[in-house]
Amino acid sequence: MSESVDEGARERYRVLFLEKLEESIKNKTDHLNVVMKNAYDFLIEEVEKAKSTKNKITLQYRRVSRFDVLVIGDTKRLVARGEKVKYFLPMEEIFDVIESSHISIGHGGRDRMKQEISKKYANITIDMINIYLAMCETCQKKDLVKKEWYQSLSCIQNIIADVKLILSTCKQNPINSTSSFSTTRII
Ligand SMILES: [Zn+2]
């Protein structure tokens, strides 16, 4: 199990991820789609209550049209209402799901991760994936190598452009080159 190499570091990343996630949510003014575990459990109760209420209030209609509750063994999970089961996750569980998806596709990129994760989970966003990717040491190192390679490439391109410029200047202005050349030949 190579993934268990540094459990302490993983735990630190998990905590850091949660902090960054909370921070990014604070700045969001639109619809909130992720909550902490205690609010998640409360929501499950509310959805169950709404489902069993005959004369629903507007909020209960809204909850029932968006969520359903799936009982797996002795745990209850909030799922999106729809033909395919897609889980809503509490904030504390998002890191693990993003991480295992990222590792399973060999440190795959954001779009591929989103595609894979969206098959099973309803509330993992691109923003959350980006927060995770910015913390993945392996990907950060890969990006650094890529960046350095591009920098050397653009350096070579600049040199080529300079050489081309010198050559074209020589062609346009042959006095210096030919005259000095012919002078040397005569002598
Ligand atoms: Zn990675």
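## The crossing of α1 and α6

In this predicted model, helix α1 passes helix α6 in a right-handed crossing. Phe17, Lys20, Leu21 and Ser24 of α1 make the contact with Asp127, Met128, Ile131 and Tyr132 of α6.

## The buried side of α6

Helix α6 spans residues 126-133, and its buried residues are Met128, Ile129, Ile131 and Tyr132. These residues lie on the same side of α6 because they cover an arc of only 155° around the axis. Among the elements that cover them are α1 (7-26), α4 (91-104) and α5 (110-118).

Strand β1 (residues 67-72) pairs with strand β2 (residues 75-80) in the antiparallel sense, over 6 bridges. Two of the pairings can be followed on the structure. Phe67 has Ala80 as its bridge partner in β2, while Ile72 stands opposite Thr75 in β2.

The two strands form a hairpin, with 2 residues between them. Gly73, in the turn, has a positive phi of about 60°. In a regular strand, side chains alternate between the two faces of the sheet.

## Two individual residues

Is Glu45 buried or exposed? This residue lies in helix α2, which runs over residues 37-52. Glu45 counts as exposed because 11 other C-beta atoms lie within 10 Å, and a residue is exposed if that number is 12 or fewer. Glu45 and Val69 are 24 residues apart in sequence, and their C-alpha atoms are 9.0 Å apart in space.

Where does His107 lie? His107 is found in the loop between α4 and α5. Its phi is near 60°, a positive value in a residue other than glycine. With 13 other C-beta atoms within 10 Å, His107 is classed as partly exposed, because the count falls between the limit of 12 or fewer for exposed residues and that of 20 or more for buried ones.

## The chain as a whole

How many helices and strands does the secondary structure of the chain comprise? The chain has 8 helices and 2 strands. Along the sequence, these elements follow the pattern α-α-α-β-β-α-α-α-α-α. The hairpin described above is formed by β1 and β2.

The chain has 187 residues, of which 12% count as buried. Among contacts between residues at least 6 apart in sequence, 51% join residues at least 24 apart.

How values were computed. Residues are numbered from 1 along each chain as its sequence is written. This is a predicted model: local features need pLDDT of at least 70, side-chain atom pairs count only at pLDDT 80 or more; totals for chains, interfaces and linings use all residues. Helices (H or I, at least four residues) and strands (E, at least two) are DSSP runs, numbered from the N terminus. The arc is that of the directions from the helix axis to the C-beta atoms. Two residues are in contact if their C-beta atoms, placed from the backbone, lie within 7 Å. Two strands pair if DSSP finds at least two bridges between them. A crossing is left-handed if the near helix is turned anticlockwise from the far one by less than a right angle, and right-handed if clockwise.
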